[in-house]
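Subject: Structure handover

Hello,

Here is the structure for you to look over. My notes on it follow below.

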Amino acid sequence: MTSDELSDNVEKLTSRAIRNYQYFKRVYQGSVYWMNTVQITKEDIQGFYNLQSHSINLQTRASQWFCMGISLGILLKETTGEPYINGLHSFWEEYLHWVNSGKRLKKPNKEGKEYLNTPHIATKLDWFEILFSLCDLMENIYKKLMLTPNISADVMQEIQRVDDQFQTHLVKVLNKEMNDLALQIIQ
């Protein structure tokens, strides 16, 4: 692939991601229909998550995604390009270790930096505000990826790996839950 083709691929990937996060924000605000089928209200969403048949703890997720947002917000200060992409990879390694084990990694990455910020949260977080803020932040994350200079096949692959993490741990989660809720409302 030529450099122009790779740049076009990055632009397509980032534009799609930005549209996804804008859409999720509007859905959770209740201002659009989910997949043009059913309008989901904030009350519907709260009821869905409050059902005992769902093992989703919104307060735990809100805390985790709050820490994700703080960490990614700080990461936006990194230089565009490979330092930024490497920082995103390091963030995901630290974040997933923390979420899965409850413990932070004991050693910083090879640059000596730590990207995960996990402050003590002394108050109950508003899940909706966390989600809205995270969606806004994700737009900025992807806009900065769009600015990556000198895109090679290797850099494109790294951007796709970062996108895969965001897709797996944010987009697919929200997508599945909204599909489940929409089916529940329709039935």
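Predicted model: local features only at pLDDT ≥ 70, side-chain atom pairs only at ≥ 80, totals over all residues.

Ile-159 touches Val-10, Leu-13, Ile-85, Leu-145 and Thr-148, leaving out residues up to four places away in sequence. Ile-159 sits in helix α6. Ile-159 is buried, and its relative accessible area is 0%; the cut-off for buried is under 20%. How far is Ile-159 from Val-173, computed between C-alpha atoms? The two C-alpha atoms are separated by 20 Å, and the residues are 14 apart along the chain.

**Core**

The largest nonpolar core has 58 residues. Those with the most contacts inside this core are Tyr-28, Trp-65, Leu-72, Trp-127 and Phe-166. Which helices supply at least two residues each? They are α1 (3–29), α2 (42–50), α3 (58–75), α4 (82–101), α5 (127–146) and α6 (153–186). Helix α5 gives the most, with 12 residues.

Set aside its neighbours within four places in sequence, and Tyr-28 is in contact with Ile-45, Tyr-49, Trp-127, Phe-128, Leu-131, Phe-132, Leu-174, Glu-177 and Met-178.

**Helix pairs**

Two packed helices are described by the angle between their axes and the distance between the axes. Two pairs follow.

Take α3 and α6. They pack at an angle of about 140 degrees, and their axes are 13 Å apart. Angles over 145 degrees would count as roughly antiparallel; α3 and α6 are therefore oblique to each other. Their crossing is left-handed. Which residues make the contact? From α3 come Arg-61, Trp-65, Met-68 and Leu-72. From α6 come Phe-166, His-169, Leu-170, Val-173, Leu-174 and Glu-177. By type, the contact of α3 with α6 has seven nonpolar residues, one polar and two charged.

Now α4 and α5. Their axes come within 10 Å and cross at roughly 140 degrees. That makes α4 oblique to α5. The crossing is left-handed. On the α4 side, the contact is made by Tyr-84, Ile-85 and Leu-88. On the α5 side, it is made by Asn-140, Ile-141, Lys-144 and Leu-145. These residues divide into five nonpolar, one polar and one charged. Ile-85 and Leu-145 belong to this contact, and both are touched by Ile-159.

Most residues other than glycine have a negative phi. Which residues have a positive phi although they are not glycine? Met-35 is one, with a phi of about 50 degrees. Asn-36 is another, with a phi of about 60 degrees. Met-35 lies in the loop between β1 (33–34) and β2 (38–39). Asn-36 has its place in the loop between β1 and β2 as well.

Are these two buried or exposed? Met-35 is partly exposed, with a relative accessible area of 46%. Asn-36 is exposed, with a relative accessible area of 75%.

Best wishes

Terms used: Residues numbered from 1 in each chain as written. Heavy atoms only, no water. Core = buried A, V, L, I, M, F, W, Y, C linked by side-chain atoms within 4.5 Å. Buried < 20%, exposed > 50% of the residue type's maximum accessible area, 1.4 Å probe, protein only. Helix = DSSP H or I, 4+ residues; strand = E, 2+ residues; numbered from the N terminus. Contact = heavy atoms within 4.5 Å. Axes fitted to C-alpha atoms, helices over the stretch in contact; angles between N-to-C directions. Parallel < 35°, antiparallel > 145°, perpendicular 65-115°, else oblique. Left-handed = near helix turned anticlockwise from the far one by under 90°. Nonpolar A, V, L, I, M, F, W, Y, C, P; charged D, E, K, R; others polar.
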